[in-house]
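Me: I would like to go through this model with you, starting with its charged side chains. Could you take my questions one by one?

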Amino acid sequence: MTRGKHIIAPSILSADFANLAQECRAVEKAGADWIHLDVMDGHFVPNLTFGPDVVSSLRPHISKVMDVHLMISPTALLLEKFIVAQADVITVHVEATPHIFKDLQLIKNNGILAGVALNPGTPASVIKPLLDTIDLVCVMTVNPGFGGQKFIADQLVKINEIRDLIGARNIHIEVDGGIDITTIGTAAKEGANVFVAGTAIFKGGSFDNPEIYQQNILNLRTLSHDQ
Ligand code: DX5
Ligand code: ZN
């Protein structure tokens with residue numbers, strides 16, 4: 001997996017929770033590159049979603065990359081279970097753990113891509129000691145916890161700083177929160193290459209009306225100015 005082609009990652013936070021498997025299959029068929037799974041604990045963030053058992057159950061229904069975004073604290077408590085669930089990418093928040101380096105090492109040592117997520121108030125410089133350990137930096141462009149929030153444009157400069165810190169290393173820059181047809185272009189211009197979108201992909205469609213998903217994904221891809 002190398003940086004290059006832009007990656008569109010629908011967040012199933014905006015999908016129909018009563019039909020998650022069908023929703024994953026529908027967005028894959030509609031052109032998604034990765035499927036983004038938001039795990040929330042009602043403690044690190046003020047919302048609850050699903051845990052490792054649901055992630056394991058979804059694994060057979062995701063043939064592409066399963067991108068797990070952990071918003072749980074303490075991170076280490078359940079980390080092994082998400083590794084066993086065979087995630088392809090596991091991203092942990094630097095604010096949610098006293099042992100970010102150790103958590104990332106555990107992910108990497110299990111052959112899984114290791115991501116670090118930064119809340120809007122966290123500076124880019126925190127990734128400096130992690131650069132040789134991580135495969136992905138997730139820049140939160142909303143306060144984590146809910147879909148459908150407004151993109152925080154102040155984060156654009158951080159994406160740019162992260163791109164400079166990464167240099168020639170093969171590390172993805174993911175943006176998460178408020179990505180739609182009006183924001184994806186600027187995020188891409190600053191250096192992001194993985195675009196998480198919940199509302200902008202799932203709104204208006206359903207797994208039995210997937211043409212909407214296809215159009216939404218295509219619109220985002222086009223406006224990210226991908227080749
Ligand atoms: C927020 C989640 C996001 C969220 C994005 O805590 O990490 O992945 O689903 O939703 P939208 O695209 O609606 O902002
Ligand atoms: Zn997310």
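Me: Is D132 buried or exposed?
Reply: In this predicted model, D132 has 69% relative accessibility and therefore counts as exposed, the cut-off being over 50%.

Me: Which residue forms a salt bridge with D132?
Reply: The partner is R169, with the closest N and O atoms 3.3 Å apart. R169 lies in the loop between α5 and β7 and D132 in the loop between β5 and β6, so the pair ties together parts 37 residues apart in sequence. R169 itself is partly exposed, at 34%.

Me: How many salt bridges are there in the whole structure?
Reply: The search finds 5. Among them is R59 with D88, at 2.9 Å between the closest N and O atoms. This pair links the loop between α2 and β3 to the loop between α3 and β4. R59 is buried, at 15%, whereas D88 is partly exposed, at 28%.

Me: And which residues are linked in a network?
Reply: Salt bridges connect K5, D33 and R221 in a network.

Me: Where do H36 and H69 lie?
Reply: H36 is in strand β2 and H69 in strand β3, so the two tie together parts 33 residues apart in sequence. H36 is buried at 0% relative accessibility, and H69 is buried at 1%.

Terms used. Residues numbered from 1 in each chain as written. Chains lettered and ligands numbered in written order. Predicted model: local features only at pLDDT ≥ 70, side-chain atom pairs only at ≥ 80, totals over all residues. Heavy atoms only, no water. Helix = DSSP H or I, 4+ residues; strand = E, 2+ residues; numbered from the N terminus. Buried < 20%, exposed > 50% of the residue type's maximum accessible area, 1.4 Å probe, protein only. Salt bridge = Lys/Arg side-chain N within 4 Å of Asp/Glu carboxyl O.
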